[in-house]
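Let's take a walk through this one together. Have the sequence and the 3D view open as you read.

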Amino acid sequence: MAGLESENNQKRSAGSYGPGPDAGPRMTPVLRISQLDALELDSALEQLVWNQFSQCFQNCRPGLLTPLEPELRAVLHLLLWRFTLYSSSATVGQSLLSLRYHSTGSSSPGYKPLSPGQKLGLAMLTVGPRWLQERSHGLLSRLGLTPLGLGSERDGGVLQQGLRNALTVVSSVGKFASLINFLVFLRNGRHPVLAERIVGAQAVFSKPNVVRDVTDQYMNRELLWHGFAEFLIFLLPLINTRKLKATLSSVVFGGESVDGEGAKKGQDLLKECGLCGEWPTMPHTVGCRHVFCYYCIESHSIAGAFRTCPKCGAEAGHLEPLKMEVEMIDRP
């Protein structure tokens, strides 16, 4: 009896710690974060290819690709599908994470790749709704189904309105079904995308007993950089960079003299704004001898708690309009 109990305990422990050599890839569940990361990597790759493709036409007329952008994106997606998913049953993102698609309709315990029909259905269900959503307004305009052009209501107004309502209902049902599918995915960890559930494609590990290992060193580095970034976001708005720049300039290059040539230039300072360099509009001063446009100095100091001169860095009080004495001379 003791020998039988020890043997049963060994079998239960072996089954709980990992699958047997013939158990197949479905015995090792894939983490939800790995499946979502694969989708993000695929989306980033598609956007990268589109950016490279659009740069080929950057010297052409602006807006050249805009009328055909939905179709071009669909073609690029199908090209990526042909050389990745169709040939190896795995997308680029899945390959980077050691994943691949497995056909859930198979009754055998081992791995079974997707059939060509499943791969084609997965591509159509991914590209088709996206293209239809981007082109729905154009299609309705050509058919005369937009609110500004309903066409002839006497001939086929009922049919046109019914088709328009059907497209709206189908779009709403599709989005609601995607939401329900994602909630189910969060529950059981399978099929993050509705298209995968429809065609029967499930992400499994391409290598047996592959576990996503996140080391403590990686987590510590991420936490360190995240805390440092939050500290910079909190600290940078508190630093008056213009005052710091003016202080460093005065220390390195020396302060401006107020006598001699500096006094001669004092009159020239009244003729231009210290920020925009133009003739001062509604000239104001902050207490020093520099003059600024009212809107220039207000927009400069609106983010700072203390007003300082952006030219010399001097502490200033309230913003005051410039007072000038104008002498009128009568010419004979």
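**Starting at helix α2**

Begin with α2, where Ser 34, Gln 35, Ala 38, Asp 42, Glu 46 and Trp 50 are buried. Keep in mind that you're looking at a predicted model. How far apart are the end C-alpha atoms of this helix? They sit 35 Å apart, which agrees with the 34 Å that 24 residues (32–55) should span at 1.5 Å a residue.

Now zoom out. The protein chain has 12 helices and 5 strands, and of its 332 residues, 22% are buried. Take the contacts with a separation of 6 or more: 54% of them link residues 24 or more positions apart.

Next, head for the largest nonpolar core, which has 9 residues: Trp 81, Leu 85, Tyr 101, Leu 114, Leu 122, Ala 123, Ala 195, Val 199 and Ala 201. The elements giving two or more residues to this core are α6 (116–142) and α8 (194–199). Pick out Leu 85 here: beyond its neighbours within four places in sequence, Leu 85 contacts Leu 80, Ala 90, Tyr 101, Lys 119 and Leu 122. There's also a second, separate core of 7 residues, among them Val 286, Phe 292, Cys 293 and Cys 309.

Phe 176, Leu 179, Ile 180, Phe 182, Leu 183, Val 184 and Leu 186 make a nonpolar patch of about 610 Å². Ile 180 belongs to helix α7 (residues 153–188).

Definitions and conventions: Residues numbered from 1 in each chain as written. Predicted model: local features only at pLDDT ≥ 70, side-chain atom pairs only at ≥ 80, totals over all residues. Heavy atoms only, no water. Core = buried A, V, L, I, M, F, W, Y, C linked by side-chain atoms within 4.5 Å. Buried < 20%, exposed > 50% of the residue type's maximum accessible area, 1.4 Å probe, protein only. Helix = DSSP H or I, 4+ residues; strand = E, 2+ residues; numbered from the N terminus. Contact = heavy atoms within 4.5 Å. Patch = residues over 30% accessible without salt bridge, like charges linked within 9 Å, V, L, I, M, F, W, Y side chains within 5 Å. Areas by Shrake-Rupley, 256 points an atom, 1.4 Å probe, with all protein chains shown as cover. Salt bridge = Lys/Arg side-chain N within 4 Å of Asp/Glu carboxyl O. Expected span 1.5 Å × (residues − 1).
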